[in-house]
Amino acid sequence: RYAPFWKRCVAALIHLAIVVIAASAVEFVLHTREWFAENATPLLLFLYLSLFECSAEQATLGKRIMGIKVCGADGRRLTFPRAAIRTLAKALSLLTCGMGFLMPLLTPWKQALHDKLTDTIVIEK
């Protein structure tokens, strides 16, 4: 079964909260290293999403809590490069005034723009 839109939204809020808290801690500790402190949030978000979504669990902590996971349209686990490309493709979902994130409401496989671009789906465990 494909993951419902609301579960994806709650999972996103959970993992964004985790990353913002972690980035704030990193920024506090490394405040003298200005470049890293300023870019900690996007860097940590990229690593968090990419590494967790290609892990054995196939899910960020938010997705695990919501009982959903990411896989290829063929049902297989993502490789790190594919997970990284999916994460980067989320920028396109955002650049379309956020409409790319609303696509799961309109597509049969409940895919967002970044899912369509990387041939991935989000399913219930």
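Leucine 43 lies in helix 2, helices being DSSP runs (H or I, at least four residues) numbered from the N terminus. The model is predicted: local features require pLDDT of at least 70 and side-chain atom pairs pLDDT 80 or more, whereas totals for chains, interfaces and linings use all residues. Residues are numbered from 1 along each chain as its sequence is written, and side-chain values use heavy atoms, with hydrogens and water left out.

With a relative accessible area of 33%, leucine 43 is partly exposed; buried denotes under 20%, exposed over 50% and partly exposed the range in between (1.4 Å probe, protein chains only). A distance of 19 Å separates the C-alpha atom of leucine 43 from that of alanine 11, 32 residues apart along the chain.

Alanine 11 is among the buried residues of helix 1, which are Lys7, Arg8, Ala11, His15, Val19 and Ala23. Beyond residues up to four places away in sequence, alanine 11 touches Gly62, Lys63, Met66 and Ile68 (contact means heavy atoms within 4.5 Å). Ala11, Met66 and Ile68 also belong to the largest nonpolar core, whose nine residues include Ala3, Cys54 and Val122. Such a core is a set of buried Ala, Val, Leu, Ile, Met, Phe, Trp, Tyr and Cys residues joined through side-chain atoms within 4.5 Å. The end C-alpha atoms of helix 1 are 36 Å apart, in agreement with the 36 Å that its 25 residues should span at 1.5 Å a residue; the expected span is 1.5 Å times one less than the number of residues.

The largest pocket has a volume of about 540 Å³ and is lined by 23 residues, with Ala12, His15, Lys90, Phe101 and His114 nearest its centre. Two or more lining residues are contributed by each of helix 1 (5–29), helix 2 (34–53) and helix 4 (80–95), and the largest share, seven residues, comes from helix 1. On a 1 Å grid over the protein atoms alone, a pocket is an open set of points where a 1.4 Å probe fits, with protein on both sides within 12 Å along at least five of seven lines; lining residues have an atom within 4 Å of a point. The volume is the space filled by probe spheres set on the points, which are joined across faces, edges and corners.

Two non-glycine residues in loops have a positive phi. Glutamine 58, at about 60°, lies between helix 2 and helix 3 (61–66) and counts as buried at 9% relative accessibility. Lysine 110, at about 55°, lies between helix 5 (99–102) and helix 6 (113–118) and counts as partly exposed at 32%.
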